[in-house]
Amino acid sequence: ADTRFKLNTGAEIPALGLGTWQSEAGLVKKAVSYALSIGYRHIDAAYCYGNEDEVGEGLKEAFASGIKREDVFVTTKLWCTYHSRVEQNLDMSLKSLGLDYVDLYLMHWPVAMNPNGNHEKFPKHPDGSRDLVPEWKHTETWKLMEKLLATGKVKAIGVANYSVRYLEQLLPTATIIPAVNQIENHPSLPQQEIVDYCKAKGIHITAYSPLGSTGSPMFKEKAIVEVAEKRGITPASVLLSYHLARGSSVLAKSTNPERIKANMDLVKLDTSDMKILDDYAEGLTKSGKVVRYVYPAFGVDFGFPDKS
Ligand code: A2P
């Protein structure tokens, strides 16, 4: 659980982070302060999650108990309706979180949404499709994010949900290489192409929804169960440890104290464990049966090659 990975900024990111997407109001403050009290040192937040105030309360409680700000890695994310107003959205997040800087600021998605749309966070056209601003380039958003580094309000900047297609547009125009690309990633969605691409470019991968989001059908998959039994650990531990073995950090969302604690049990999977998981993942990729839990809900083609 103490594993850390080096970012291209020189800073270290703890391998395990507490996710706060869909963390229930009334529970997330305690989840954050409890996680930090038992040794988590990485908290992942976002403006869009609508709970940064409570995440901030949890951080405050942890700091009051003696945990130092500089020992905690905090990430938050720029929302799609703020692509042209980057620093404004960052300031909103910092205020909610009660922080004067974050360790990592990510562009949440590579698409801009109508800032004056009919809904605050998810503006829609009358037909229900996303009210995007196609003429706004994500490369422009990145330029605004690069400017944040000089303000001291962010220690590092990165992206999320970037496929190779988007990174190939971004990198030639970028002065700063993103430190991180945060993507949906699990053995049912191995994302090998973007994982390999980022490795070659020095961009660290953080995996979200490692358990397959709600319901966790992966817990019952033969390959996962096989590795769990082989190693005498739970399927959840296999799914989280998978990323460690790939050199990626992983976000485990839970508001349940027992599961928050259990999710710290990461193990070093060996090559025979990884072969079982990689064969499983490759089989799904080849047969076009990868499973995306999050991307379809967005209703935008982000250019990931795996078919679901
Ligand atoms: P809860 O917060 O009640 O623990 P993902 O990270 O893939 O998005 O999955 C998060 C979901 O998995 C949440 O519903 C969370 O619920 C649940 N969860 C988190 N940790 C575990 C675990 N160790 N075992 C089973 N379910 C878990």
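So, let's start at the ligand: 17 residues surround it, and the closest are Ser209, Leu211, Ala236, Ser254 and Asn256. Surrounding here means that the C-beta atom, placed from the backbone, lies within 6 Å of the molecule. Before I go on, the housekeeping: this is a predicted model, local features need pLDDT of at least 70, side-chain atom pairs count only at pLDDT 80 or more, and totals for chains, interfaces and linings use all residues. Numbering runs from 1 along each chain as its sequence is written.

Back to the shell. Helices (H or I, at least four residues) and strands (E, at least two) are DSSP runs, numbered from the N terminus.

Zooming out, the chain has 11 helices and 10 strands. Its radius of gyration, over C-alpha atoms, is 19 Å, close to the 19 Å from the globule rule for 308 residues, so the chain is as compact as a globular protein of that length. That rule is 2.2 Å times the number of residues to the power 0.38.

How much is buried? Of the 308 residues, 47%, with buried meaning 20 or more other C-beta atoms within 10 Å of a residue's own, exposed 12 or fewer, and partly exposed in between.

Now the largest nonpolar core: it has 85 residues, and Leu239 is among those touching the most other members. A core is a set of buried Ala, Val, Leu, Ile, Met, Phe, Trp, Tyr and Cys residues joined through C-beta atoms within 7 Å. Helix 8 (residues 235–245) gives the largest share, 6 residues. Leaving aside neighbours within four places in sequence, Leu239 contacts His186, Pro210, Leu211, Met218 and Ile224; a contact is C-beta atoms within 7 Å.

Compare alanine 228, over in helix 7 (residues 222–231). Alanine 228 has 18 C-beta neighbours inside 10 Å, so it counts as partly exposed. Alanine 228 and leucine 239 sit 9.3 Å apart, C-alpha to C-alpha.

Last stop, helix 1 (residues 28–37): 7 of its 10 residues are buried, so it is largely enclosed by the rest of the structure. Just after helix 1, glycine 39 has a positive phi of about 125 degrees.

Notes:
Two residues are in contact if their C-beta atoms, placed from the backbone, lie within 7 Å.
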